[in-house]
Amino acid sequence: EYNIVRPKGYTVSYHANPEMEKHHFGQTHPMKPWRLTLTKSLVTSYGMPFAMDNYNTRPATYEELNSFHASDYLDYLGTAPPEDQPRDIDNPDKAGEVKFNLGGSDCPLFHGLFDYCSMSAGTSVDAARKICNGQSDIAIAWGGGLHHAKRSEASGFCYINDIVLGILQLLRCYPRVLYIDIDVHHGDGVEEAFFSTDRVMTVSFHKYHPDSFFPGTGGLDDNGPKSEHNPGAHHAINVPLNDGITDEQYSWLFESIIGKINEHFRPSAIALQCGADSLAGDRLGRFNLQVQGHGACVEYCKKLGIPMIIFGGGGYTPRNVARAWAHETSIAIGCQNKIPEEIPQHTPWREHFIHDTLFPTLEQILGEPRANRNTPKRLQEIVQHVHEQLRFVGH
Ligand code: V1P
Ligand code: CA
Ligand code: ZN
């Protein structure tokens, strides 16, 4: 209907497992896998699947998960009973204990947890494989992006670090991978996984407040362990921000920082985590970003002309998540100027969008915008610091 056609000269692929969307973290938990359904509904109603290769992905295998995660952690993740089931009272050792940070309010043990995790990881590994074998130039995995998970620990709604699995796959065919993380939270799990290699540079933009905002890490001076002979030193870049940052400031920062990193690090592939909790009006986030500013990051990366995986991540106001990820899918395809701003009449669950536009104004989203606590002087200092770090990074 909108004449959305395949882009000339490059291929975009979309990797999803619809079974993921049926899982629930619990009534009051902010993570709603259903946001993926809402995203797909918008992508489809605009006709974007016609312009992409669409894959229904299989769950990741145990061996694939095991390429980063420890076996004892995976075994427990696969067998731990859901929290609402009676514990094994005959075995007091196992009654009610918390292992690997599983089973708290952030990382609950819910029905089908292991399947959910394997499916999320499967979308990202599949995306990485298509990039590696040259069948895709931009591979989209909105079901992935779970950047906090550690080798043997769940953290912040993340159990399996699908991004690390995807990057490990990319490293088999590309010498250097640039990881960029625009989720409002620090991408600590991915940063830590690649602390000791100079083949991956990680860059996270996030709200930073050590004692009041999760996970509390990612200060400006945290650039990777500077122990002697660590090739990974200076290869972790952190962009700590305050509440209320705007599209204009964020785009300026993003382009100044990523442009310079591209010149120095010369990545052969990009892994971009597009957590949508950095948008204004997010249930957990604190920024004033709009769909346009968030999408500008994707557009900038695309223009670098380097093979890229685009992951999802956080995002706790489903209608805004769906808007951002549908807009970013259109940027990947290059059809963003062809699709109308008005949410199509035939979009399933259209009423969930409240406002009938892809680009609501800050006033529509928030009423009163959040105060901006980012001074131009501080943003200048951040860019200056990053440029100084890059002097240590080989050309
Ligand atoms: O703040 C915490 C922990 C719990 N306290 C002991 C400290 N957790 C945060 C976790 C946020 C995770 C973000 C994940 C992602 O980066 C990637 C998918 O987006 C948290 C928050 C919060 N406002 O920061 N947990 C919860 N809220 C929460 C609320 C209700 C029910 C369960 C968890
Ligand atoms: Ca981030
Ligand atoms: Zn987040």
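This is a predicted model: local features need pLDDT of at least 70, side-chain atom pairs count only at pLDDT 80 or more; totals for chains, interfaces and linings use all residues.
Me: What makes the phi of His234 worth a look?
Reply: It is positive, at about 70 degrees, although His234 is not a glycine. You will find this residue in the loop between β5 and β6. Helices (H or I, at least four residues) and strands (E, at least two) are DSSP runs, numbered from the N terminus.

Me: How do you know whether Ile354 is buried or exposed?
Reply: Ile354 has 58% relative accessibility, so it counts as exposed. Its phi is also positive, near 60 degrees, and it is not a glycine either. It sits in the loop between α9 (318-333) and α10 (362-366).

Me: What makes the peptide bond from Phe214 to Pro215 stand out?
Reply: That bond is cis, with omega near -10 degrees. Pro215 is found in the loop between β5 and β6.

Me: How do you know which atoms are donors of the calcium ion (ligand 2)?
Reply: Donors are N, O and S atoms within 2.8 Å of the metal, or 3.2 Å for Na, K and Ca; water is not among the atoms, so sites may look incomplete. The protein donors here are Asp181 (O), Asp181 (OD), Asp183 (O), His185 (O), Ser204 (OG) and Phe205 (O), which lie 2.4 to 3.0 Å from the ion. Asp183 is in the loop between β4 (177-181) and α6 (188-193) and Ser204 is in strand β5 (residues 200-207), so this pair ties together parts that are 21 residues apart in sequence. Asp183 is buried at 1% relative accessible area, and Ser204 is buried at 4%.

Me: Why is the site of the calcium ion (ligand 2) called irregular?
Reply: The angles among its 6 donor atoms are 69 to 166 degrees. Six donors count as octahedral if opposite donors are over 155 degrees apart and all others between 65 and 115; four count as square planar on those terms, or as tetrahedral if all angles lie between 85 and 135 degrees; anything else is irregular. This site is classed as irregular.

Me: Which residues hold the zinc ion (ligand 3)?
Reply: Asp183 (OD), His185 (ND1) and Asp277 (OD) are its protein donors, lying 1.9 to 2.0 Å from it. His185, in the loop between β4 and α6, and Asp277, in the loop between β7 and α8 (291-303), are 92 residues apart and link distant parts of the chain. His185 is buried at 7% relative accessible area, and Asp277 is buried at 0%.

Me: What makes β2 and β6 edge strands?
Reply: Two strands pair if DSSP finds at least two bridges between them. The open sheet has 8 strands in the order β2-β1-β3-β8-β7-β4-β5-β6, with parallel pairing. β2 (53-56) and β6 (236-241) each have a single partner strand, so one side of each is left without a neighbour in the sheet.

Me: How do you know that β4 and β5 pair?
Reply: They share 5 bridges in the parallel sense. Tyr179 stands opposite Thr202 in β5. As for β4 itself, 5 of its 5 residues are buried, so it is largely enclosed by the rest of the structure. Val177, Tyr179 and Asp181 point one way, and Leu178 and Ile180 the other.

Me: Why are the buried residues of α3 said to line one face?
Reply: In α3 (residues 71-79), Tyr73, Leu74, Tyr76 and Leu77 are buried. Seen down the axis of α3, they fall within an arc of 165 degrees, so they line one face of the helix. The arc is that of the directions from the helix axis to the C-beta atoms. What covers them includes α2 (62-65) and α4 (113-132), and contact means heavy atoms within 4.5 Å.

How values were computed: Residues are numbered from 1 along each chain as its sequence is written. Chains are lettered from A and ligands numbered from 1 in the order in which they are written. Side-chain values use heavy atoms; hydrogens and water are left out. Buried means under 20% relative accessible area, exposed over 50%, partly exposed in between (1.4 Å probe, protein chains only).
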